[in-house]
Amino acid sequence: MKHSAGERFRYWFDNVMSRGTIALMGLLGLATVALVLLVSGLVWVFRAFPDDAGDGDFIDILWGGLMRTLDPGTMGGDAGWGFRLLMLVITIGGLVIVASLIGIVSGAFDAKVEELRKGRSTVLEHDHTLILGWNPKIHSIIHELSIANQSRRRASVVVLAERDKVEMEDAIRASAGDLGRTSVVCRTGDPKRAADLALVSPAQARSIIILAPEGSNEPDAEVIKTALALTNDPDRPDGRYHIVGELTDPANLEVARLVGRDEAHWVLGSELIARITVQTCRQSGLSVVYSELLDFDGDEIYFTEQPSLVGRSYFDAQLAFADCTAIGLVAGGRVLINPAPDTVLGDGDQVIVIAEDDSRISLAEPGTPDLENVADGAVVAMRPERTLVLGVNANLPLMLSELDEYVAPGSQVRIVAPAEPPELPALVNIEATVQHASPTRRSVLEALDVSGFDHILVLADTSDPDLQRADSRTLVTLLQLRDLSSHGGFTLNIVSEMLDDANRELAEVTQADDFIVSDKLIALLLSQVSENRRLTEVFETLFESEGSEIYLNPVTEYVVPGRPVDFYTVLEAARRRGETAIGYRVAEHAHHGRHGYGVRVNPKKAEQVAFDPADRVIVLATGRA
């Protein structure tokens, strides 16, 4: 096919234009040169230069014409109308060319700023914590990591998510608070794409946290694909990743383990919240204990090797620490929580302790328990329990399955909610009934005779996209329950689930026994495991219904109330029951957030305390008889 010269020129011009800013600037330069040469040639041929220019110098004419394209004021002193008209042509052409050049340069600069704003440059960090994905938990995670990094001279957290870089930075700056020495670097990209992962240097990261993306219909699939992109990258260097991932459905755990192999640790958020909620509704204050162990602001769990304790018993190790609390051992590579008191420490064994900081872990002169104040209180036998559940959400089946493993046969659960609950699991020890009604209505609560229930659990509606609206309904229910309790003269054991931690302080006026803030607890666990992979086994043991768990038992089963005793005495009382004491809860402060809701984990062992009969001792135990 034959093409006209005009078509060929347009095709060439389009190709030049598509090559970017440099090509456009070159094209304008050629146009400038062509215009100056053409007009200067006309001036030279027609001898249109001024009379005082003599025979004229073509180079001078060229230079003068070029200057007129850049500065219109240059032609102000020209003489001779022929010369003036030709120079006017150059000046007008120069104005068009310079204006175009300014527009091109300005556009290129704006485009470059926009590109940098999107965060597409490679992150040059090392030993950083890498967070892949974005959801509301990220603010708590970054805040906790900043506390954990306080002992580091320089620390950084890198975030890669499919969100605008500036929006992410603004959101983190507004919600995470003072981050101290920790800097946060955000990049925009898809964590499932190898090219985008390369931007955030995962091979140089100390740990990698994969979050379920906000608003996704299949969050677990997204998390697993991200893990697959990390572990199966053909260009990844030698070495082992430390990955912590969040899953929502237990059915996806097996596939996730196949993908992550020994490089990934998976946190099942739904199971975690179900277990903590059930355990807490049966013994208020437990979520505060877990929060104390999971956050970095206060006491945490550490592993320490103490050669001087080799050959000594586990109980001797408990007595040997004055400012920290032993909770287990690492023996033969296995984590043992609350082992038998006479378990002997061997070479290379580690003691698992709760301490304010790793610098505070040191041995002291063993204390002597006051045997005269050790109580011989009998353990209360289990009896059928009645539990009232107000509201439903997707975790209800898991909660009922978990509760079924703790309660005595013949226990009852009454579920009251306006919506149809999810399919309930097969239960052995529980008889569950469902009533369709709104728990926010006073008449509904009055008809339930709430005083006849041992435990009341108020669940948040996690299906509502508006967290504040869901928490508002929970708050209304709590206020109604408090008013019924106040007017009826009876006490209710209430545990409530909140979706926004900011609403927890507001809900304290309801004087509920405890609050579960699901997203925050999951964020805390992700942060802890990202800093120390060995903690996975510790928390798996604590959260399982089998093995040793945390209980808040009546103080009367351990020591004589009203008499000052030190914590060495409490340790001895717990030892006699095959338990490990880790703290206590003061009933008087149970509803006051400023006192940690009465919970004191890892108390100083020499400190004398006169317990009230309503107080509780926090222990690790294998269960209640």
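Let's start with Cys 281, which is buried, at a relative accessible area of 2%. Keep in mind that this is a predicted model.

Who are the neighbours of S14? Strand S11, residues 386-390, runs parallel to S14, and four bridges join the two. If you'd like a residue pair to click on, take Val 389, whose bridge partner in S14 is Leu 457. Then there is strand S15, residues 494-498, which pairs with S14 in the parallel sense over three bridges. Here the pair to look at is Ile 456 with its bridge partner in S15, Ile 494.

Now, what hand does the β-α-β unit of S14, helix H15 and S15 have? It is right-handed, with H15 spanning residues 467-488.

Let's move to another sheet. This one is open and has four strands, in the order S7-S10-S8-S9, and the pairing is antiparallel. At the edges sit S7, residues 300-304, and S9, residues 334-337, each of which pairs on one side only. From one strand to the next, the twist averages 30°. If you zoom in on S8, residues 325-331, you'll see four bridges joining this strand to S9, and the two run antiparallel. Within that pairing, Leu 329 stands opposite Leu 336 of S9.

Last stop, a pair of helices. H17 takes in residues 518-531 and H18 residues 535-543; their axes come within 8 Å and cross at roughly 145°. On the H17 side, the contact is made by Leu 525, Gln 528 and Val 529, while H18 brings Leu 535, Thr 536, Phe 539 and Phe 543. Which kinds of residue meet there, nonpolar, polar or charged? The contact of H17 with H18 has five nonpolar residues, two polar and no charged.

Technical notes. Residues are numbered from 1 along each chain as its sequence is written. This is a predicted model: local features need pLDDT of at least 70, side-chain atom pairs count only at pLDDT 80 or more; totals for chains, interfaces and linings use all residues. Side-chain values use heavy atoms; hydrogens and water are left out. Buried means under 20% relative accessible area, exposed over 50%, partly exposed in between (1.4 Å probe, protein chains only). Two strands pair if DSSP finds at least two bridges between them. Axes are lines fitted to C-alpha atoms, for helices over the stretch in contact, and angles run from 0 to 180 degrees between N-to-C directions. Contact means heavy atoms within 4.5 Å. Ala, Val, Leu, Ile, Met, Phe, Trp, Tyr, Cys and Pro count as nonpolar, Asp, Glu, Lys and Arg as charged, and the others, Gly among them, as polar. A crossover is right-handed if, with the strands pointing away from the viewer, the path from the first strand over the helix to the second runs clockwise.
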